[in-house]
Amino acid sequence: MKPEYKIIETKATGNIKVNGNSQYNHLNADTVTVEENVIARLFGTINTKLIIKKGARVYLHGTLRGELQNEGGELFKY
């Protein structure tokens, strides 16, 4: 069974907290936090920090210019 995603088409800026399975298509964020056990598909740029909580999976199609803080999740970079 495939997980369902909330797809965000609008430009996402600033500090983003992802607390449900989501796909961001136009990301230009400062800090992105992906909460526990959430799947996030991110298309764009993270300028300051990417925080991945335990059990989270992040598929980054873009650029991480800042630091990665991995607290037990997985990062797949394309």
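User: Where does Asn19 lie relative to the strands of this chain?

Analyst: Strands here are DSSP runs (E, at least two residues), numbered from the N terminus, and Asn19 lies in the loop that separates strand S2 (12-18) from strand S3 (22-34). The model is predicted, so local features need pLDDT of at least 70 and side-chain atom pairs count only at pLDDT 80 or more, while totals for chains, interfaces and linings use all residues. Residues are numbered from 1 along each chain as its sequence is written, and side-chain values use heavy atoms, with hydrogens and water left out.

User: Is Asn19 buried or exposed, and which residues does Asn19 touch?

Analyst: Buried means under 20% relative accessible area, exposed over 50%, and partly exposed in between (1.4 Å probe, protein chains only); Asn19 counts as exposed because its relative accessibility is 62%. A contact means heavy atoms within 4.5 Å, and, leaving aside residues up to four places away in sequence, Asn19 touches Glu35 and Val38.

User: Which residues of the largest nonpolar core touch the most other members?

Analyst: A nonpolar core is a set of buried Ala, Val, Leu, Ile, Met, Phe, Trp, Tyr and Cys residues joined through side-chain atoms within 4.5 Å. The largest one has 18 residues, of which Leu27, Val32, Val34 and Leu42 touch the most other members. Two or more residues of this core come from each of S2, S3, strand S4 (39-52) and strand S5 (57-64). For Val34, the contacts beyond four places in sequence include Val18, Ala40, Leu50 and Val58.

User: How many helices and strands does the chain have, and what radius of gyration does the chain have?

Analyst: Helices are likewise DSSP runs (H or I, at least four residues); the chain has 0 helices and 7 strands. The radius of gyration is taken over C-alpha atoms, and the globule rule is 2.2 Å times the number of residues to the power 0.38. For 78 residues a compact globule would have a radius near 12 Å, and the chain, at 11 Å, agrees with this. The C-alpha atoms fill a box of roughly 30 × 25 × 20 Å along the principal axes, and 36% of the 78 residues count as buried.
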